[in-house]
Every structure is written in C-alpha cells, then in structure tokens.
Amino acid sequence: MKIPRVNFYRKKVRKVKSSKFLIAMGIILLLGFSFYFVSSKMMDKIYANALSADQNLLNAAGISSFSALSKEDIQRRIDDQIARYSTLLNSKSRVLSYMKDTLEGVNDFHYTFYSVQNVFEKFKSQISLATLEYSTASSTPIEMVQFGLEDSSVPLEEKSYFEKLGYKVQLVENAGSKWYKTKSEKIYLFRREK
Amino acid sequence: MGLLFGNCYVGLDIGRYKVEGVKLKKKGKNLEIVSSFVSTYKNKAFDGEALIDEGEIALALGKIKAALKIDIEDHITTALFPDRILFRKLELPAMPKDQAANAAKFQIVKELSISPEEITVEIESRQKNVSSLEVSSFIVKVEDISKFNGLLFKAGIPFPDILDAGYFKFNYIIKEELLKGILFIAFEDISSTYVELFKDGWLVSIDSLSDGSEGVDELDEESILSHYVELTDRVQNLTRMMLSRYSMADEVVDTFIFISEKKKNLDFWKKGILKFDMAKRIIPYDEAVNVNKNLPLAAYSLAIRGVSENSKGKLLQKKSSKGKII
C-alpha cells in the first residue's frame, strides 16, 4: 500500500569517493583500450582472412590466413611483395625485349647477308666485300662479319640492285675504292682499280 | 548504481530533544543494520517549535556522523521539522500528474501572495472523479530548506538525498496490514500533536493540536498521565472533526497509532489512551512495527524509505521518464 512520500530537496549531484572515482576511471580506460585492441586485432584477422583468396601472394608475403600481424603490417608486406613481383616482371620483360631485338636483328642480318650473297652471285669476280659493318639496336649482341675481296666494274648495277632491295645506296670514294653505303646497315663493297 | 555510488543508507532523525541515526547496508536482497546512534542535546535546542541553538544540533549531528561513519556516498534520508510544513488540500481539474504539481503551486502562490521562487510544493494526487483530481499539497519555504541543510553542512554531513516531512518520518515501517481501512496516526511533537488520517494508504488529511511533549518530563508521574489522558481526549475530538469534515463520520476507524517524540513518554500515553473508543485497534507505535524496539525507530524508518527508493537503481527524481509521479 502506497503511503505518501514527499521530498522537498532534490540533490543535483551524487558524489563518489575520489579513490573510487579513480578506480572507476581506470577501469573505463582499461576497458576502452582493451576494446580498441581486441577490435583492432579482430579487424586485422578479418582483413587477413578476407585477403586469403590470393593465398600465393599472402604466402609469398609471409602472411597466414589468421595472421598475428596488424592490418598496416599486412598491407606493407603485400605492397613489398607486389613491388618485388613488379621488379621481377620488369627484368623478365627486359630479357624478352633483348630476345625480340636479337631475333629481329638476326633476321635482318640474314636478309642483308643473303642480299650481299646475291650481289656476289650476280657480279662474280668483279667485286669483293671488304667489310660488312652491321649495326642493330644496342641491346642486340650481333658481331660484325668480314668477307674476302673480289673485283667488280659495274658499280651502278650494284647500286641499283641494293636500291631494289630497299636500301639507300650512296657511292663513296675512299682511297681508290668505291663504297656503297646503305640506310641502316653499312655494307662496304670494295672495287678494285683496274 | 550500488557498485559506483555505494549501498549504505542513512536515516537521520533530527528531533526536538535529540538526533538519531541509523545506517543500513544493502547486500543483495538483504538489509544489514551497520550501526545506530542517538545523541541527546545537552542544552535546550528548541523553545517550543523555535530553533534557539543551531550549534547544539550541529554538535549532535557531528557525533552521529562520527558514530555512523557517514561519507559522501551514503544515501541520506532525513525529515524537516513538521511545523515548517504547510498542508493544503486542493481540488484541480483532471490533468496529468506532473502538470497537477505546477497547477497546485500556481494556485498556492496566488492564495498566499508569495513568489514561486520562495516555496517548494510537493503533491500527492489521485483521481476524485472523471473531471477532477484530489490533491494533497505540502508547502515549504525554500529558506527553511536552506537553513535545515545548513545544520547538516555545519556538521560536515552531505545534503540529503530525501528530505521528508517530519510527521511522516515514522510511517515507512508500519506493518502493511495496519495501513488498510481507516487509519489515524497521532504524533506528539514538542508543542504540537499532529494527527494524520489515512484511508487505504491515501492521506486524507493532517491536522494538529497545540499540545506537545515539552515540559512533560518535569511533571510528576500522575501529572504526566493526566497530560496524556487530556491529550487523548483532544486527539479523539480532532479525529471526530476530521472524519466529519471529510464526510466519513459514519465510517469505522480501523486503527489508531500513537507516537511521541519522547520515546519514554509513550508508556504514559499507553496508559492514558485506555479511554480512546474511536478505533477498533489502538496500537502504540512501537507495537505497530516489526523492528527491534531498541533501535531509533524514526531514523530506521527514514533509512528504510531511502532503501526503498534508491536500491532499485532508481535515481532520485520523483518523476519517471514517462512523467508519472512515482
């Protein structure tokens, strides 16, 4: 049964002992930090777990599915691993480039050599090849080849032959010899003075 | 709440002749009496109802504080002197209870021609009929509350969590079955005797007689007995008037409980009240409660009120979040 209860004074604040207040604050802070650390770890684990689809990448970066590493550490390791992959790809790509250049250079060389051989067939005993100076892209390790010399008395025919093959040919007078200079490769043909 | 704010409840009864204190501790559902103490004034602190020596009360409160080891976390329930409280019955149009409190204050301020800042009004209300509320209002001057709290402050005791009305201080430990039906409680203060009329727990009215316990001690036993015979007669007349005033003249009074501010005078009153024929049961206060009679009962009762209102994790606001009066 409810009998009347009146209260003429409303206390505005309730006080606690300072020691209890400090303990309470300590507990609140402890709980706050604990929550932060636990949730942070949990997030890191969820993050690591979410990344586990690319297991090879994670393994290469030294990250297990439920890693003890922080999210930042995981990200840093992945970035480093991707950078390593990138470097490796660059170097492989460069090698492929070399190989391509080499193959292309060899092809060009063979074509040039074939052309020169044809000239020799056509102008037998009239000219001889003094020097075949063959230059390609700097990355291609092609060496120069030298041939023996033969006579030739039809420089214009030789010139027009090379031009037909797509070379730009220039007649060079040099110490009693006539030289034909082509566009990219230099084929020096020596004509003996009669 | 208890973990942070402590679970000790102190009841302080600042009386006319002494200060009593009881400290209770709530342990789960159990209540443990930690300590109790009574400090009687060495010199007269009141002349009639007028406080003449604040220092005497502060001194007694200081002893209580030391004995009970009161600290800032304890929930303190105490009661304002009854003569400082004005009781007024009002009838208001039906409205939510929180609005009724403001309406009652507005009406009282108008009637007394006083500034609203100068008084505090507490109400108990119930629906009288479809269109009106029956309101019991208790009016106290803010200045009196400050002075009362000043007594506690002087003794280094924190301000109270609950500041009750002095004539209610005994009520919280009365046996539940005695509250049923029509109940009168007569409380003999220093120079007045307050008579409370309840019907099924609802406070119908409070009235008073200008006759109290002051100076009775100095009389011989026969005169003391005659004082209580006379007081009983006057109380009986007053109860008849009250019943008549509230249209309850034909109703039978179930219980009459009587209390004196001076505990030892209760035995004289027990003898003097034999002629009281208004009620079916006439019970001295110490028999109306289920408590060790050696405890300071008013202080214990106040502490129990503190427990009942604070131990359920409730804050001290009387209004709940729904705006209903608890």
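How many cavities of 30 Å³ or more does the count come to? In this predicted model, the answer is 3.

**View 1. The largest cavity and the residues around its centre.** This cavity has a volume of about 160 Å³. Its lining is made up of 14 residues, and those closest to the centre are B:Phe170, B:Ile259, B:Ser260, B:Glu261 and B:Lys263. Look next for strand S2 (18-27), strand S14 (253-260) and helix H7 (297-310) of chain B, the elements that each give two or more residues to the lining.

**View 2. The lining of the largest cavity by residue class and domain.** Sorted by class, the lining of the largest cavity holds 7 nonpolar, 1 polar and 6 charged residues. Two domains of chain B, domain 1 (8-82 + 141-168 + 294-325) and domain 3 (176-287), each supply at least three residues to this lining.

View 3. Is B:Tyr194 buried or exposed? B:Tyr194 counts as buried because its relative accessible area is 7%, under the 20% cut-off. Beyond its neighbours within four places in sequence, B:Tyr194 is in contact with several residues, including B:Pro82, B:Tyr167, B:Ile185, B:Phe187 and B:Asp207. For B:Gly212, 18 residues away from B:Tyr194 in sequence, the C-alpha to C-alpha distance to B:Tyr194 is 9.3 Å.

**View 4. Polar partners of the B:Tyr194 side chain.** One partner is the side chain of B:Glu49, with which the side chain of B:Tyr194 makes a polar contact (3.4 Å).

Note on methods
Residues numbered from 1 in each chain as written. Chains lettered and ligands numbered in written order. Predicted model: local features only at pLDDT ≥ 70, side-chain atom pairs only at ≥ 80, totals over all residues. Heavy atoms only, no water. 1 Å grid on protein atoms, 1.4 Å probe; cavity = no way out; pocket = protein on both sides within 12 Å on 5 of 7 lines; lining within 4 Å. Points joined across faces, edges and corners; volume = space filled by probe spheres on them. Helix = DSSP H or I, 4+ residues; strand = E, 2+ residues; numbered from the N terminus. Nonpolar A, V, L, I, M, F, W, Y, C, P; charged D, E, K, R; others polar. Domains from an automatic or database assignment. Buried < 20%, exposed > 50% of the residue type's maximum accessible area, 1.4 Å probe, protein only. Contact = heavy atoms within 4.5 Å. Polar contact = N/O pair within 3.5 Å; in protein donor to acceptor, adjacent residues only side chain to side chain.
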